[in-house]
Amino acid sequence: MILYPFLIIFYLLINPTSANETSSLTFIHVDGAWVRATKVANSAAYMKIVNNGSKSDRLISVQTEVCNTVELHTHLKEGDVYKMRPIDFIDIPAGQTVDLKEGGLHIMLLNIFKPLKEKEKIKLTLTFEKTGQVSIIAEVRKNRHECNCKG
Ligand SMILES: [Cu+2]
């Protein structure tokens, strides 16, 4: 069947984008990332995650060199008190921006190796279900209002 290789070549010529379909459907970027300065063991990272793609995505894990344990957290009301709770993923719907902020969704950094001082830069690697890994630099700040970063 000598025609077979030619059929494959023909398919590739008429369908050149098939190999990277996933990356063309999701487009994730991160704005205004910051991490709270801390002298104690735990801190949190906040940011806006923007999905300009046509498919929804999910943040499923985060890695950083400042600690070994990173959790995705939300705040839930129990009685009159809001408490932090770990969640398995954060949905990032197509065409929307998800705001990770104080009192809401956030990235929890647990058992940090050493104190985080203002203006330090911390690398965070975010893993999304479809987009894959996105590495960002977050600045250490005392609070959101001292942050020069956008958002
Ligand atoms: Cu938390």
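## Strand β9 and its partners

The bridge partner of L59 in β9 is F128. This pairing belongs to a predicted model, in which strand β3 (residues 57-64) and β9 run antiparallel and are joined by 5 bridges. Strand β9 also pairs with β10: these two strands run antiparallel as well, with 8 bridges between them. Within that pairing, I122 has A138 of β10 as its bridge partner. Strands β9 and β10 form a hairpin, and 3 residues lie between them.

## The nonpolar core

The largest nonpolar core contains 22 residues, and those with the most contacts inside it are A33, V35, A45, M47, L59, L124 and A138. The elements that contribute two or more residues to this core are β1 (28-36), β2 (43-51), β6 (90-92), β8 (106-110), β9 (121-128) and β10 (132-141).

Leaving aside residues up to four places away in sequence, V35 touches S43, A45, L116, I122, A138 and V140. A45, in turn, stands opposite I107 in β8.

## Pairings of strand β8

Strand β8 pairs with β2 in the antiparallel sense, over 3 bridges. Strand β8 is also joined to strand β4 (residues 69-78) by 5 bridges, again in an antiparallel arrangement. In this second pairing, E71 stands opposite M108 of β8.

## Two partly exposed residues

I28 lies in strand β1. Is this residue buried, exposed or partly exposed? I28 counts as partly exposed because it has 18 C-beta neighbours inside 10 Å, while a buried residue needs 20 or more. When residues up to four places away in sequence are not counted, I28 touches I49, N51, D57, I92, F128, T131 and V134. The C-alpha atoms of I28 and G132 are separated by 9.8 Å, although these residues are 104 residues apart along the chain.

A37 lies in the loop between β1 and β2. With 18 C-beta neighbours inside 10 Å, A37 is therefore classed as partly exposed.

## The chain as a whole

The protein chain has 2 helices and 10 strands. In sequence order, these elements follow the pattern α-α-β-β-β-β-β-β-β-β-β-β. Of the 151 residues in the chain, 19% are buried. Among contacts between residues at least 6 apart in sequence, 68% join residues at least 24 apart.

## Confidence in the model

The mean pLDDT of the protein chain is 85, and 78% of its residues reach 70 or more. Over residues 7-22, however, the pLDDT is below 50, and this stretch has 2 contacts in the model beyond near neighbours in sequence.

Terms used: Residues numbered from 1 in each chain as written. Predicted model: local features only at pLDDT ≥ 70, side-chain atom pairs only at ≥ 80, totals over all residues. Core = buried A, V, L, I, M, F, W, Y, C linked by C-beta atoms within 7 Å. Buried ≥ 20, exposed ≤ 12 C-beta atoms within 10 Å, placed from the backbone. Helix = DSSP H or I, 4+ residues; strand = E, 2+ residues; numbered from the N terminus. Contact = placed C-beta atoms within 7 Å. Pairing = 2+ DSSP bridges. pLDDT = per-residue confidence, 0-100.
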